[in-house]
Protein chains: 2
Amino acid sequence: MRNVRFLILVLSLVVCASVAVAQKGSFGELKQLQSPQDPAIGFIIQGGTLAGAKGSLTPEKEKEYRAKLQEVVLAGYKALKDGKSSIDAVELAIRMMEDSPLFDPGSKNERDASVMDGKTLNAGAVASVHRVKNPITLARRVMEKSDNGMLTGDGAAKFAREQKIDVIDEAAKDEKGNDEKAKGEKGKLIIETAVSSTSVRKGGVGAVALDRNGNIAAGSSSGGVTNGKPGRVGEAAIIGAGTFANNNTCGVSGTGSGEFFIRLGIARDISALMEYQAQPIQAAADRVIKQKLQKLGGNGGIIAIDKFGNMAISFNTAGMFRAYINADGKPVVEIY
Amino acid sequence: MRNVRFLILVLSLVVCASVAVAQKGSFGELKQLQSPQDPAIGFIIQGGTLAGAKGSLTPEKEKEYRAKLQEVVLAGYKALKDGKSSIDAVELAIRMMEDSPLFDPGSKNERDASVMDGKTLNAGAVASVHRVKNPITLARRVMEKSDNGMLTGDGAAKFAREQKIDVIDEAAKDEKGNDEKAKGEKGKLIIETAVSSTSVRKGGVGAVALDRNGNIAAGSSSGGVTNGKPGRVGEAAIIGAGTFANNNTCGVSGTGSGEFFIRLGIARDISALMEYQAQPIQAAADRVIKQKLQKLGGNGGIIAIDKFGNMAISFNTAGMFRAYINADGKPVVEIY
């Protein structure tokens, strides 16, 4: 009788332990990237995926990308160290990438962007907007200055004019003697300088930040698919697909095959695995990108930060342009 | 020693049992609506929320709504019994509601719609489309006939023309002697007959179906907010917000304050609670609508079906227009 009881006890404990392990996910040892601590300040950016194999990026081009990624990640980190909010740092970094010919496929495309505040769960998004220089800023205005969560097309452009957001003037570009329009003052027309980027890079750009108040923010922006169907909306415009932030779980920015990101709700799903199964951030990210997205036939990658400053990077492509600030406060730039 | 071991055994079992209960969710007894079985075929529709209090709907208007909801739910159920797919039944029912002046706020508004196939996780969505008579059909074409998951505005309208989808001709309506245009043949212009619905009803329409092959589909459609900001996108256009379907969890269609549905990813979150915490469908729906949405200050409701034909209805408004087929194969129409 004593032996039977003891056996039942042992079996009960084994079952309990198994349940606990299953809940945590059986992913073995995972490298855990950590942000600077005391206070925890985290900053990570992505600049799209590598479309081809490793050799498709020339050494010169790779150097340019690495330099720009480092410049951007340092600027965002400086903003956070100076006491700026996670939303401010995310907007700043994404604007820098939107302004860079390296990451912007040019004005002919329709642009998508979204931003989310993990403290309030407020969010703003714009889809299929033309002629707006910095869609991420417009998305932030939608979040903060309108009753709406998402605006598209002409409606978004109208709101941009109301908000005196910089627009790109295609007409001015073609006319002679119109240089006065090119000054780029707030609300004035400016001439676009972006040129088409190399086809080696694919997808949008994004940033995720954790500020010293423990607030997480995430944002994404995309110049669209070159020669894409008019009105096509990608993951960068969809809260839950390309962008998500919740102080209780994580902030995520992703880029890749937009349709798959939307169907799977990639960014939201990573947060759900942390919320409902207490999965660590890297395990949650890998499960969604390397299992679910992979299985469905999609490709892409994500960057993420949780409330402790733990970071995750996961992609199923040959590479993803990215940079983050490590635990020593130093920038780390990676592509492959 | 025996007593100590026995005590540990009892405590272990209590802990295990508590974990199990916590995973299922501590919601007490919940009424579980069930669909007809052998084979399980489920069909449920929603026609928006009740904006005012119970008395705001006149008896005459209530009768009209109830009659239409019954007609629609029976038509969808008949399609499923006849062996049609869940996608077919969802499209059919939503078209009937889009065509009804009771549910359609009229052509002046921009329309949103989305549909998702729980077997393949394929999805299609359109946002801010003008002049398309049946946005749900356009969303289905986006899913089945395009490489894209979501189209907006003029791009969506262009795709509608390519697909020879019925459009509403505002100009024809104003011209005399243009009756030939009003025949509504495929690809021809037709004259819109919808008139503005009473303001007592609010939000979009939607349907969720489980067919005899065990496939779940969900769809939502909205005529937009009357006098809403141009380009504003609501939950009906967003996969994961107003629409979601996964054969392994459930299908969901929701309607309400679109911004909150998008931020919370309402439909996707209900599925996540079932996927990651094995919550029953009604408990998952109530947690998202009556706790999360309520707490954030949003309002609205959802309908859902799981793979067993269990149905969930949850809303935090005075009412939600809805109908379903009960376990006896009979239609049940409810508003409050």
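1. Contact here means heavy atoms within 4.5 Å. On that basis, residues 24 or more positions apart account for 68% of the contacts in chain A with a separation of 6 or more. The coordinates under discussion are those of a predicted model, and the points below should be read accordingly.

2. Overall composition of chain A. The chain contains nine helices and 16 strands. Of its 336 residues, 59% are buried.

3. Packing of helices 3 and 4 in chain A. Helix 3 spans residues 86–99 and helix 4 spans residues 135–145; their axes come within 8 Å and cross at roughly 150°. Angles over 145 degrees count as roughly antiparallel, and the two helices of chain A are therefore roughly antiparallel to each other.

4. Residues at that helix pair. Helix 3 of chain A contributes Ile87(A), Asp88(A), Glu91(A), Ile94(A), Arg95(A) and Glu98(A), which meet Pro135(A), Ile136(A), Thr137(A), Arg140(A), Met143(A) and Glu144(A) of helix 4. Sorted by class, the residues of this contact are five nonpolar, one polar and six charged.

5. Helix 5 in chain A. Which residues of helix 5 of chain A are buried? Within this helix (residues 153–162), they are Gly153(A), Gly155(A), Ala156(A), Ala157(A), Phe159(A) and Ala160(A). These buried residues pack against strand 4 (123–129), helix 4 and strand 5 (150–152) of chain A. Lys164(A) follows the helix and has a positive phi, near 55°.

6. Helix 5 in chain B. The buried residues of helix 5 (residues 153–162) in this chain are Gly153(B), Gly155(B), Ala156(B), Ala157(B), Phe159(B) and Ala160(B). Their packing partners are strand 4 (123–129), helix 4 (135–145) and strand 5 (150–152) of chain B. Just after helix 5 of chain B comes Lys164(B), with a positive phi of about 55°.

7. Where does Asn148(A) lie? This residue is in the loop between helix 4 and strand 5 of chain A. With a relative accessible area of 10%, Asn148(A) is buried, because buried means under 20%. Apart from neighbours within four places in sequence, Asn148(A) is in contact with Val142(A) and with Lys229(B), Arg232(B) and Glu259(B).

8. Leu293(B). This leucine belongs to helix 9 (residues 281–296) of chain B. Leu293(B) is buried, its relative accessible area being 0%. Neighbours within four places in sequence aside, the contacts of Leu293(B) are Phe260(B), Phe261(B), Leu264(B), Ile266(B), Val288(B), Gly298(B), Asn299(B), Gly300(B) and Asn316(B). The C-alpha atoms of Leu293(B) and Lys54(B) are separated by 22 Å, the two residues being 239 residues apart along the chain.

9. How many disulfides does the structure hold? Over all chains, the number is zero. Cys250(A) is buried, with a relative accessible area of 0%. Cys250(B) is likewise buried, and its relative accessible area is 0%.

Definitions and conventions
Residues are numbered from 1 along each chain as its sequence is written. Chains are lettered from A and ligands numbered from 1 in the order in which they are written. This is a predicted model: local features need pLDDT of at least 70, side-chain atom pairs count only at pLDDT 80 or more; totals for chains, interfaces and linings use all residues. Side-chain values use heavy atoms; hydrogens and water are left out. Axes are lines fitted to C-alpha atoms, for helices over the stretch in contact, and angles run from 0 to 180 degrees between N-to-C directions. Helices (H or I, at least four residues) and strands (E, at least two) are DSSP runs, numbered from the N terminus. Angles under 35 degrees count as roughly parallel, over 145 as roughly antiparallel, 65 to 115 as roughly perpendicular and the rest as oblique. Ala, Val, Leu, Ile, Met, Phe, Trp, Tyr, Cys and Pro count as nonpolar, Asp, Glu, Lys and Arg as charged, and the others, Gly among them, as polar. Buried means under 20% relative accessible area, exposed over 50%, partly exposed in between (1.4 Å probe, protein chains only). A disulfide is a pair of cysteine sulfur atoms within 2.5 Å.
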